[in-house]
Amino acid sequence: GAKIAESIMGQALENDSSLGNWIRMLVLDTDQNDLGKLKNLNERSQYQFSTPETVYRILERNPDIEDKWCYSRDDPEMAQDILGMSLIEGAGQIRILTRMALHDRFVNDGLLNKMEDVIGSLTYHDDEQRFKGSIHVLMLGSIAGATGSGSFTQVALALKQAARNRDVLATVRGVFLLPDVY
């Protein structure tokens, strides 16, 4: 998804450089290697929502995850290999791990604030005039792995909340690619 978003942004700016005032991107990924390959999106447009910490440590820091929707660290269904995983290079096709990492970043790293900042930047096109109207948010991702398929619902809801927090009317739509694209 990030590669396609980067390509779309490049093509849009190539066709009309003024579109940079009207288009914002926030690329979310668990895999630091994939984010590192992006050349046309500045670092402010990228957000890695995984950390070098193990799944065990993330669950330890977020006990509400185990209480509400994830296997307990003591549950025999939660393999020791998974508890010892770091998500820094992706969630290994395990969608619940993506959801866990995303939850952790919302609670402990201000991801919603980052989304609000990006949405807020769309409401000002110059220093004097605030845009009053609605914005269109397009989520682009893949459901071939774990990052897009494990987070698209939560991200869509968070984008709507971020827009409401900034008093912006937002229409959120998604385009999700299947494995044969790759």
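Two residues are in contact when heavy atoms of theirs lie within 4.5 Å. In this predicted model, leaving aside neighbours within four places in sequence, Met 100 is in contact with Val 55, Ile 58, Leu 59, Ile 65, Trp 69 and Leu 87.

Met 100 also belongs to the largest nonpolar core, which has 31 residues and in which Leu 59, Met 100 and Met 115 have the most contacts. At least two residues of this core come from each of helix H3 (55–61), helix H6 (95–109), helix H7 (111–122), strand E3 (134–142) and helix H8 (147–165), with H8 giving the most, 5 residues. Another core, of 8 residues, lies apart from this one and includes Met 9, Met 25, Leu 38 and Leu 41.

## Helices H6 and H7

The axes of H6 and H7 come within 6 Å and cross at roughly 80°, which makes H6 roughly perpendicular to H7. On the H6 side the contact is made by Leu 102, Arg 105, Phe 106 and Asp 109, and on the H7 side by Leu 111, Leu 112 and Met 115. Sorted by class, this contact has 5 nonpolar and 2 charged residues, with no polar residues.

Thr 147 lies in helix H8 and has a relative accessible area of 17%, so it counts as buried, the cut-off being under 20%. The side chain of Thr 147 makes a polar contact with the side chain of Thr 30, at 2.9 Å. Leaving aside neighbours within four places in sequence, the residues in contact with Thr 147 are Leu 28, Asp 29, Thr 30, Phe 49 and Thr 98.

Definitions and conventions
Residues are numbered from 1 along each chain as its sequence is written. This is a predicted model: local features need pLDDT of at least 70, side-chain atom pairs count only at pLDDT 80 or more; totals for chains, interfaces and linings use all residues. Side-chain values use heavy atoms; hydrogens and water are left out. A nonpolar core is a set of buried Ala, Val, Leu, Ile, Met, Phe, Trp, Tyr and Cys residues joined through side-chain atoms within 4.5 Å. Buried means under 20% relative accessible area, exposed over 50%, partly exposed in between (1.4 Å probe, protein chains only). Helices (H or I, at least four residues) and strands (E, at least two) are DSSP runs, numbered from the N terminus. A polar contact is a pair of N or O atoms within 3.5 Å; within protein, one must be able to donate a hydrogen and the other to accept it, and residues adjacent in sequence count only if both atoms are side-chain atoms. Axes are lines fitted to C-alpha atoms, for helices over the stretch in contact, and angles run from 0 to 180 degrees between N-to-C directions. Angles under 35 degrees count as roughly parallel, over 145 as roughly antiparallel, 65 to 115 as roughly perpendicular and the rest as oblique. Ala, Val, Leu, Ile, Met, Phe, Trp, Tyr, Cys and Pro count as nonpolar, Asp, Glu, Lys and Arg as charged, and the others, Gly among them, as polar.
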